Amino acid sequence: MEPTGVAERLHNKTILITGATGFIAKLLVEKILRLQPPVKRLYLLVRAGDQDSATERVRSEIMQLQIFRSLQEKYQKHFSSWFWGMVYPVAGDVSLKNLGIGDVALAEYITEETSIIIHTAATVNFRERYDTALAINTMGVKHVIEIASRCAKLELLLLVSTAYVNGKESGIMLEKPLHQYRSYDGQSDLDISEEMALAEAKLNELVCSNASEDTIRLTMKKIGTQRAQKFGWTSTYVFTKAMGEMLAYEQRSRLPIAIIRPTSTTSTWKEPFPGWIEGIKTIDTWVTNYGKGILKILPGDITTVIDIIPADTVVNAMLCVISYHIRVQSGLIYHTGSSMCNPLKIGELIHIMFRYFSKKPFVNAEGEGIKVNELIMPATMASFYKHMDIHYKVPMQDIARHGLSTTDELDRYNHLKREYNFTVAIAEVYRSGTFFKRRFDDSNMQKLVSMMNERDRELIPCDTKFINWEKYLMEIHIPGVMDCDSREATRARL
């Protein structure tokens, strides 16, 4: 007899999903509903002030999305009633105790009935304000754990983290826990309560000094980066996610916890249709700005492997963990990515980008096609800054020396300045990804994949070794990203 799989695992289960309006969570909700297991209830926690607002957010930001098209076509006029029969919006906020659920009776019912909690809520801005990132990425985990501790029927708490909590510059990143309440290298103490107090004290100091909103925002961002680097992480985002993992790992003997660490998430590969994406993420910043002729140079090692994974593959991996983690006696952390089984080098990505935009140039607002040259990739930061001096700083100085006396000179100067500032910012933010020689071990994940029955291998395929990167990038991802960028540009103009 075949072992039971995902449909049986979700049968008649009540599931709580945090961060339900996030990119991955939306796809997860759609996939669970499309799998057609008789799920008892999906509680979707969304940031909202009241139940009506929560319902409207779920309606407009989830239910009405294009990704639900196949379900809308299947159920037609009954789709709405079918959807609301399965889904229940919950107004809340993970940064608050009790997840900010003001309805006491509802909160009690959720803890009585919930079997599976999937915590996806996060702020993924690399340079987020420190107070904001701590509240959501770190304390959000604490508040979810408090709810999970009260769930009498709890079978699994799945925490969605990021593979980049691994701060090492090279080598194989193992599916292992971080040093508990220590810096990344384990050499110094890390006290989360002290970090919270520091952020709060600095914010109060800024407010009391009547600092402007811009000053407060920039200062809190700067503090986040400083604290991250002090303890061995590259950004506020990964630092606060790492602290969230520490809080979860501490509860491993008391609660059924699993942590999944995706690498860089890209557009959908196959489901519910190819190329769906929301927002411009990671490599997409390179793609869109290169296509527009803005990004002409990016420092890095062309042999560096860039680990990307389509969003639907991440969702399938999450469902695999939910379905099969319960059968293994060891393993708490699961990497899901591509660098071990199907590595893509940055040099290959750059060449694919050049080929794509040479065939299909980006058309600007004036109707002109943008001609691109292959992206220049200096092998060191020193050679990058030398290039920037020659091609940007020196021409800017020459223009300024003439006094910026004409409109053309002023426009040219401002254009160079904008490109310089943007390119330097991109280079600094992504230097860990373009230079670091690291791959993410996925042995634990592969162990679960090997346990999947044949039906689940078709329903929730999560092995990236079958992806043809050139075909995926040329025919699916880059077109999807450019379409997403166009939609966002249109919304910004409205």
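Tutor: Asn210 is found in the loop between α8 (192–208) and α9 (213–230). Helices here are DSSP runs of H or I with at least four residues, strands are runs of E with at least two, and both are numbered from the N terminus. The model is predicted, so local features need pLDDT of at least 70, side-chain atom pairs count only at pLDDT 80 or more, and totals for chains, interfaces and linings use all residues. Residues are numbered from 1 along each chain as its sequence is written, and side-chain values use heavy atoms, with hydrogens and water left out.

Look at the backbone of Asn210. Its phi is near 60°, a positive value in a residue other than glycine. Most residues other than glycine have a negative phi. Is Asn210 buried or exposed? Asn210 counts as exposed, at 69% relative accessibility; the cut-off is over 50%, with buried under 20% and partly exposed in between (1.4 Å probe, protein chains only).

Now compare Asn98. Phi of Asn98 is near 60°, again positive in a residue that is not glycine. Asn98 sits in the loop between β3 (87–92) and α6 (104–113). Asn98 is partly exposed, with a relative accessible area of 23%.

Another loop, between β8 (264–266) and α11 (283–291), holds Pro272. The peptide bond that joins Glu271 and Pro272 is cis, with omega about -10°. Most peptide bonds are trans.

A cavity is a set of points on a 1 Å grid over the protein atoms alone where a 1.4 Å probe fits but cannot get out, and lining residues have an atom within 4 Å of a point. The largest cavity has about 50 Å³ of space, taken as the space filled by probe spheres set on points joined across faces, edges and corners. The largest share, four residues, comes from α2.

For a helix, turn to α10 (residues 236–249). All 14 of its 14 residues are buried. Its 14 residues should span 20 Å at 1.5 Å a residue, and its end C-alpha atoms are 20 Å apart, which agrees. The expected span is 1.5 Å times one less than the number of residues.

Methods:
On a 1 Å grid over the protein atoms alone, a cavity is a set of points where a 1.4 Å probe fits but cannot get out, and a pocket is an open set with protein on both sides within 12 Å along at least five of seven lines; lining residues have an atom within 4 Å of a point.
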